[in-house]
Structures are given as C-alpha cells and as structure tokens.
Amino acid sequence: MTSTLRSPAPSAIPHSRAEDLYAMFVGCTLLVLGLVFLKAAGLVTGGVAGIALLVSYLVPLPPGVLFTIINLPFFVFAAVAMGMRFTLRSIAVNAGIALFSAIRPLAFEVHNVHPAFAALVGGTVIGMGILSLARHDAAVGGTGVLTLWLQRERGWNAGRTQIALDVVILSLAIPVVSAERLGWSILSAAAISGILIAWHRPGRYTGY
C-alpha cells in the first residue's frame, strides 16, 4: 500500500506596500458600491453599518458620521488586541470609505434597484471588499475587528461569528423597517458573511 506524500506548504510571501495600498483601494471601492445598492433599495444590513443606519432614524445625524462615532471604541480595542499596524490601516480604510462616499455622487447615481439585487449583489460586493482588506491586515472597524480577532486567537470562523452578531443587530431593526425590507436586509447580511465563510478560513491563505 503506497502512501501519498504531500509537498510542504509554501512559506508566506509578504505583500508589498503597493499591493497593500491597491487592496485597500479595492476594498474601499467595493464597500462603497455595495452600500450604494443597499441604500438605494432602502435596506439595512449587519455590522456597524447596520447600527449606524438604524441610529440615523432616531437621531439627527448622517449615517456616515454615526459610523465613525460608533467605530471609535472598536479602534481602541483594535489597538490593544490587533496592534497599531492593523489599527492605523483600519483608520485609513475608514477615511478612504468616507472620501469615496463623498465623491461618489460625482461619478454615478443609483435611483432604482430591486431589493433582491441589492441584497445579493450589494452584500456580496461588501463581503469581497471586507475580504480584500482582511487579506492585507486591515478592516472597516466595528464588529469586523472583533470577528477577526476571535478567528486569530480562538480559531472561530469570522463569517459564522459575524452572522451571530448580525442576528442581534438586525433584530433591532424590527420596529424600524418593514417586514419585507427586513427580510431582504437579512439576505444582504448573509451574503456578506457567506463570502467570509467561504474564503476567509484559518490556514487557507499564507500571504500577509
């Protein structure tokens, strides 16, 4: 009986600074594009973005401002748990998202999009943006910082952990949005987490 010999796993090859910057640009762009679809369809989603949208219905502040305010304690946690390199990159990502959101109306507008398309495509695009950032040691902040830390320290899959947190966040939307919109919003959150479940597993990726 012949045993099959497996070749040793290749050693990690660090990303160059140019690759990191490009990945952050791609991640920010995809996140803004996905949020545009969700906003045009009147949906919410999970994570800090969902919290900011919900709070914006209750207080007279724009969701973008609330997103930044809500993220502040998560950046403090990131500095302690994930290191300053990760934290500074995540802060830069938030600045990039704010910038792209501000100039986006100069490039295009989305006035009519079916909620099913917004939930599936918007959620998937956001998930790919988060994945692009995570592969290059950055994040959008918020609950993403917590899920990435739990994956690194405890081996908990980031996508599954995010789903659990999103269930809590989306349950808070029940008094705010219609049942139909809530259903599509749940689908958008599932699409985001599905990307992380499929492609952000420990040991699957060796670059950093």
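Among contacts in the protein between residues at least 6 apart in sequence, what percentage join residues at least 24 apart? The value is 78%. Please keep in mind that this is a predicted model.

Let me start with the overall make-up. The protein has 8 helices and 0 strands. Going along the sequence, the pattern reads α-α-α-α-α-α-α-α. The protein is 208 residues long, and 45% of those residues count as buried.

The largest nonpolar core has 20 residues. Those that touch the most other members are Leu31, Leu43, Val93, Ile97, Ala118, Leu133 and Val140. Three helices each supply at least two residues of this core: helix 1, which covers 17-40, helix 4, at 84-107, and helix 5, at 115-134. Helix 1 gives the largest share, with 7 residues.

Take Val93 as an example from that list. Setting aside residues up to four places away in sequence, Val93 touches Met24, Cys28, Leu133, Ala138, Ala139 and Val140. There is also a second, separate core, which has 9 residues, Ala78, Val145, Leu148 and Ala158 among them.

Staying with helix 1, look at Phe37, which has its place there. Is Phe37 buried or exposed? Its relative accessibility is 13%, so Phe37 counts as buried; the cut-off for buried is under 20%. Which residues is Phe37 in contact with, leaving aside its neighbours within four places in sequence? They are Val110, Val113, Phe117, Ala118, Val121 and Gly122.

Next, pairs of helices. Two packed helices are described by the angle between their axes and by the distance between the axes.

The crossing of helix 5 and helix 8 is right-handed. On the helix 5 side, the contact is made by Pro115, Ala116, Ala119, Leu120, Gly123, Thr124, Ile126, Gly127, Met128, Ile130 and Leu131. On the helix 8 side, the residues are Arg181, Trp184, Leu187, Ser188, Ala191, Ile192, Ile195, Leu196 and Trp199. Sorted by class, this contact of helix 5 with helix 8 has 15 nonpolar, 4 polar and 1 charged residues.

Leu120 is found in helix 5. Leu120 counts as partly exposed because its relative accessibility is 45%. Not counting residues up to four places away in sequence, Leu120 touches Leu187 and Ala191. Leu120 and Ala191 are 71 residues apart in sequence, yet 6.1 Å apart in space, C-alpha to C-alpha.

The second pair is helix 7 and helix 8. Their axes come within 8 Å, and the crossing angle is roughly 165 degrees. Why is helix 7 called roughly antiparallel to helix 8? Because angles over 145 degrees count as roughly antiparallel, that term applies to helix 7 and helix 8. The crossing of helix 7 and helix 8 is right-handed. From helix 7, the residues Gly159, Arg160, Gln162, Ile163, Asp166 and Leu170 take part. They meet Leu182, Ser185, Ile186, Ala189, Ser193, Leu196 and Ile197 in helix 8. This contact of helix 7 with helix 8 divides into 7 nonpolar, 4 polar and 2 charged residues.

Gly47, Gly50, Ile51 and Leu54 of helix 2 make the contact with Gln162, Asp166 and Ile169 of helix 7. By class, the contact of helix 2 with helix 7 has 3 nonpolar, 3 polar and 1 charged residues.

Last, another residue of helix 7, namely Thr161. Thr161 is buried, with a relative accessible area of 13%. Apart from its neighbours within four places in sequence, Thr161 is in contact with Thr147, Leu150 and Trp156.

Key:
Residues are numbered from 1 along each chain as its sequence is written. This is a predicted model: local features need pLDDT of at least 70, side-chain atom pairs count only at pLDDT 80 or more; totals for chains, interfaces and linings use all residues. Side-chain values use heavy atoms; hydrogens and water are left out. A nonpolar core is a set of buried Ala, Val, Leu, Ile, Met, Phe, Trp, Tyr and Cys residues joined through side-chain atoms within 4.5 Å. Buried means under 20% relative accessible area, exposed over 50%, partly exposed in between (1.4 Å probe, protein chains only). Helices (H or I, at least four residues) and strands (E, at least two) are DSSP runs, numbered from the N terminus. Contact means heavy atoms within 4.5 Å. Ala, Val, Leu, Ile, Met, Phe, Trp, Tyr, Cys and Pro count as nonpolar, Asp, Glu, Lys and Arg as charged, and the others, Gly among them, as polar. A crossing is left-handed if the near helix is turned anticlockwise from the far one by less than a right angle, and right-handed if clockwise. Axes are lines fitted to C-alpha atoms, for helices over the stretch in contact, and angles run from 0 to 180 degrees between N-to-C directions. Angles under 35 degrees count as roughly parallel, over 145 as roughly antiparallel, 65 to 115 as roughly perpendicular and the rest as oblique.
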